[in-house]
Every structure is written in structure tokens, then in C-alpha cells.
Amino acid sequence: MTDTDLHPWKNTPGGPEGRGAAPPSVVRADGLNLTFQTNDGPVHALKEVDLSVAKGEFVSFIGPSGCGKTTFLRCVAGLETPTGGTLTVNDMSPDEARRARAYGYVFQAAGLYPWRTIGGNIRLPLEIMGFPAAEKKRRVAETLKLVDLDGFEKKFPWQLSGGMQQRASIARALSFDADLLLMDEPFGALDEIVRDRLNEELLALWDRTGKTMLFVTHSIPEAVYLSTKIVVMSPRPGRISDVIDSPLPRERPLDIRDSREFIEIAHRVREGLRAGMDAV
Amino acid sequence: MTGTTAPLSAPGAGVGRSGRVALWLRSVRTGFLPILTVIAGLILIWYFACIPMNAQQSVLLAERAGQTVTPETAADRRGMSGAAIALRNPAAAMASAFVQDRPRLPAPHQVAAELWGSTVGLAVTSKRSLVYHAWVTLSATLLGFAFGTALGILLAIGIVHSRVMDMSVMPWAIVSQTVPIIAIAPMIIVVLYSIGLQGIVPKAIISTYLSFFPVVVGMVKGLRSPDAMQLDLLRTYGSNQNQTFWKLRLPASLPYLFASLKIGICASLIGAIVGELPTGAVAGLGARLLAGSYYGQTVQIWSALFAAAILAAVLVGLIGAIEKVLLRRMGLNA
């Protein structure tokens, strides 16, 4: 597959309609609504969200707290049920997609089981999904290598740093080889230096595996550095205020963050965030 | 990346060892000494308390031996407190405070001697051997503890998985513990006897009655301890309730379970002893307590009490040891 197959950057920000015979959407939301009924009345977590994510894209969701970025990710994973609109994952409902093992989910906290070794933690989804023993062994070894943790299989989580634990949790999400990776602020709790390195590694991983990434973050530089598409969201009601297709090349050394293009995109994201806040 | 042990051990080996000795010494100083001081203090208070507690009898013995005491007759001393008698007759009170046959409060060495004599000094088959009586109580304790733990875990699993059970069982479990066990034990024994159950089982059931509760409470908390994120994670794998239980809830609950088991085994022992009291049982620590109080054998009562306390300490220690080994093997630092 070539770059252009994977990344139809030619799309206009207006929407995916102009693409014609573009590759099918991995994730597609049309007029998605989600209203939580709380004691203080209804809360519009998501309002009229339209989004299409093509195969192999790296999409970041950025916005202030309460803008619905995590809620959207949870809808894709079938952890929340939308109250209106349609949402498909690989042309299936989120529940069907989960049964088809379409995605791996990485949470903000690594959430490794303290009573399992790193290898045991990565084996957990494989055990639940009923992979045969030899296959489990092979996949654990393979994913450990993928996140550069080989040699740590027999260690317990508390023996690893926070960054390594989060890498193990990414390995756990990758172990059953889903094509879609949903990441909810996976590096939010880590310090900036570790975060930079993991961002770099995540990009390399994405490049090697060609997976589709949905990535929720609070950080503008992180979103711009990682993404081929940045979805800017705003709160009350949670909605998409801007979708920015990144013109940055696929190869991204860390110092690309000092380039003019990078700064321009970051500026546009910041403007989008500000506009969303002002509209409230 | 894993070769961190080799370079550290070679040059600093001697340092490490002396460090360990220093650490050990420190732990002796900070660990044992305060504990020994407290024990010595308690024993001292106990000895001191024996003087007024036994003064009535001490002074009576002195009077019978022909010494002059104040007040002179037992009738005059009847209403007086032990402390007052001891203050007026210090020599007489001191002389036989720690050597009486049936003291009101036996001295520590009397209890220790009785404990030693009735454990090491007698064959375990003897009806007076505390080892024999402890075993009778222990067997009921362990059986009841096993029942109680199983019942507690089963109820907790039901409560965690079913809202109906949560609403219906938990209140009854709590109410059951507000009934004094001493009141309900005879009824349990009588009811079970009428359906042909006697011997160890009724006692074990009283133990069960007391020991299931801490297990229910601890296990409900433990099985609910995984947070929403961990449950969501399993949902994304399409995990069913069964898998969620075995892979997440049960292992997460083990530290809670062990805390409950330590309380449960003590409650179980109390249950077994209480179960021996109202039945006129002839064997067991409870029977020993009862016999001692019938015949005014305070030394025997106290030694049975201490035997029960030692038994409880050993049982709790055993569970603690199992906990330590198991949780360490699971990678959890207990």
C-alpha cells in the first residue's frame, strides 16, 4: 500500500463526501447524538457529530474537558450507546465490531493487573478470546517486541516505570491484532520527556503496522505531531468545531515541531479551541 | 538490562553484610525491646493486682495461722475492699498473694505452671490435657471456619452479581450479627439435636454463624474493588460475566479475603467455645472454662483462656503466613 492509499489527505475539511470511490470508512458517524440523563437534567455529551475516518488514518480528538471526545471514543467501542444518529465501525454496529475484535482500547491509566506479569497482562485478551496456547505465546512475544519490551515478559507491573507500563498496555491492546486502535489520553499521566519518546515510538508503530488510530488528547503539540487529521471539539453541547487535515509528511522527527507548518497547524487548532469556547 | 546483581555484590559484599547486621540490631532494638517492655509492664501490673484481689483470702489464712490481723474477724472484713484490707495488713497480704490454691486472681506464674503442666506435663489422651481440649475445640473451629468461609464467599458472589440478593441477603446478614451468640447458641444446639445432629457439627455451625459475616463483607468489597476502567477494558474484549469473575474480580478480592479470614477464624474459635458452654460439653476449651467456674478453679479457667488466646494467635499467624506466600507469588506486595 502506498501513502496516498492510506492517507487521502486531499479531502476538504468540509467533509468526506467529495471523495467518490475512496476506501471505505473504518469509523463513520452521521448526526451522532448522545444525551445523558442526570439529576441536574439532560446533558448533551455529543450533538450532531459527523465524522469519517479512513483506513490507516491517525485521528486526534482535542478539546477541553466535557467536549465529548472521550464519549465519542467510548461510543465507537460500544461502551456508550448513542441516543441518535448512526455510527458504524468497519460497516458494523459498534457491538458487532467488538465481537469481531475490530479494535483495541488503551485507557489513560495503564490498568495492568498487578497480579499478572507483563506477559500475563498481554495474554489476558487472548485468554478471554480463546486463542490456542501456541498462538498466545507467539503473539505475546511478537507484541512485546513491537513495543520494545522484550525481556520484560516475566516482570511484574510494579517493577516497570510508568512509561513502560503504558507501553505494555498498548501491547495488550495490540495483541489480538485489531486494525483499529482507540487511545484515550494514553500518555496524559506521564511526564513530558517520556511522553515525547512514546509519541515518537507510537508514530513508528503506526507506520509499521498501518493501523487506524483514534487518539484523544489534551495536548495541542501531541495532536499536531501525531495526527493526519485533527478533530477539534468544543463543549456544552459536545460537538466538532473544526477538522484539520495535516499537511505534515508521514516521516516526522521530533524537531518537526519547530517547523513553520507545524506551528501554523498548532495555531489553527488553538484558534478552533478558542472559537469553540467563545461560542458557549 | 537484567544484569544488575553481579556488579553490586562483588565490591560491596562486606558492607552489605555488616549493613544487614546493623539492620537486624536496629530491628531488635526498635522491635523487640519495646514489646518486651510492654509485656513486662503488663505482668508487673498483673502481679501487683493479685495483692488486693487475693487479700481477703490471704488475711484469712494469716488469721488461721494465729497472726493478728486488722480487723480481727472475717465478718468485720466482709464489706471491705481488697485494697483496704491489703493496706491494713501489708505483710499478710503479700505473704500469700501469689501462692493460693484458689485465688480470686491467679498470679502469672501459677497460670504458666498450670498451662505447662496440662500441656507438656500430661499425655495428650488425658482428660485433663489442654492439648486434648484445644484439639476438640480446634476441630469444630476449623470445620465451622471452612463452612463459614464457603458460605461467605458464595453469598458475596451472589450479592455482587444480583441486585435482588444484594437487597435481600445483606440486611439479614447484618441482623444475624446483632443477635447475641450466647442467646442463640443453645437454640441452635437444641434444634439440631432434635433432628439428630450432635457432637462436632452443632458447634461448627455456631462457628459458621459467626465467621461467615466478615467473609461476606470483605468479599463483597473485594469483588467490587475493580474500578470502572478495568471492567470497561474487559468489556472491550467481549468478556462474559464468568471470565470477568475469574480473571478480574476474584484475584482482585484476595487481599480483602485474607483480611476477612483473619477476623473469621477468631470469630470461629469464639463460636466453638461458646457452643461448648450451654451444652454441658465434657471436652473442649469451653467445657474446661465451665468446669473451672463450677469448682472455683480460677487457675484452670485462666489457663484455658490463655490456651484459647494462644490458639487464636497461632491460627491468625498461619493465615497471615499463607497470605504472605500467596500474595507474593501473585506479585502483590502484602
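**Close-up views of a predicted two-chain model**

**View 1. Two salt bridges cross the interface of chain A and chain B.** A salt bridge here is a side-chain nitrogen of Lys or Arg within 4 Å of a carboxyl oxygen of Asp or Glu. In one of them, the side chains of Glu127(A) and Lys247(B) come together at 2.8 Å, N to O. This is a predicted model, where local features need pLDDT of at least 70 and side-chain atom pairs count only at pLDDT 80 or more, while totals for chains, interfaces and linings use all residues; side-chain values use heavy atoms, with hydrogens and water left out. Residues are numbered from 1 along each chain as its sequence is written, and chains are lettered from A and ligands numbered from 1 in the order in which they are written.

**View 2. Chain A and chain B bury about 2200 Å² between them.** Buried area is the accessible area (1.4 Å probe) that two parts lose on being put together, summed over both. Carbon and sulfur atoms account for 65% of it. On the chain A side, Tyr113(A), Trp115(A) and Ile128(A) provide 32% of the area buried against chain B, more than any other three residues. The contact (heavy atoms within 4.5 Å) draws 25 residues from chain A and 22 residues from chain B.

**View 3. Here is the side of chain A that touches chain B, with β5 (103-106) and α4 (118-129) each supplying at least two residues.** Helices (H or I, at least four residues) and strands (E, at least two) are DSSP runs, numbered from the N terminus. The most comes from α4(A), with five residues. By class, this side holds 17 nonpolar, two polar and six charged residues. Ala, Val, Leu, Ile, Met, Phe, Trp, Tyr, Cys and Pro count as nonpolar, Asp, Glu, Lys and Arg as charged, and the others, Gly among them, as polar.

**View 4. A cis peptide bond joins Arg236(A) and Pro237(A).** Omega is about -10° at this bond. Look for Pro237(A) in the loop between β8 (229-234) and β9 (239-245) of chain A.

**View 5. Chain B has a cis peptide bond from Thr70(B) to Pro71(B).** Its omega is near -15°, and Pro71(B) sits in the loop between α3 (55-64) and α4 (74-77) of chain B.

**View 6. Asn90(A) has a positive phi, near 55°.** Its place is the loop between β4 (84-89) and α3 (94-99) of chain A. For background, most residues other than glycine have a negative phi, and most peptide bonds are trans.
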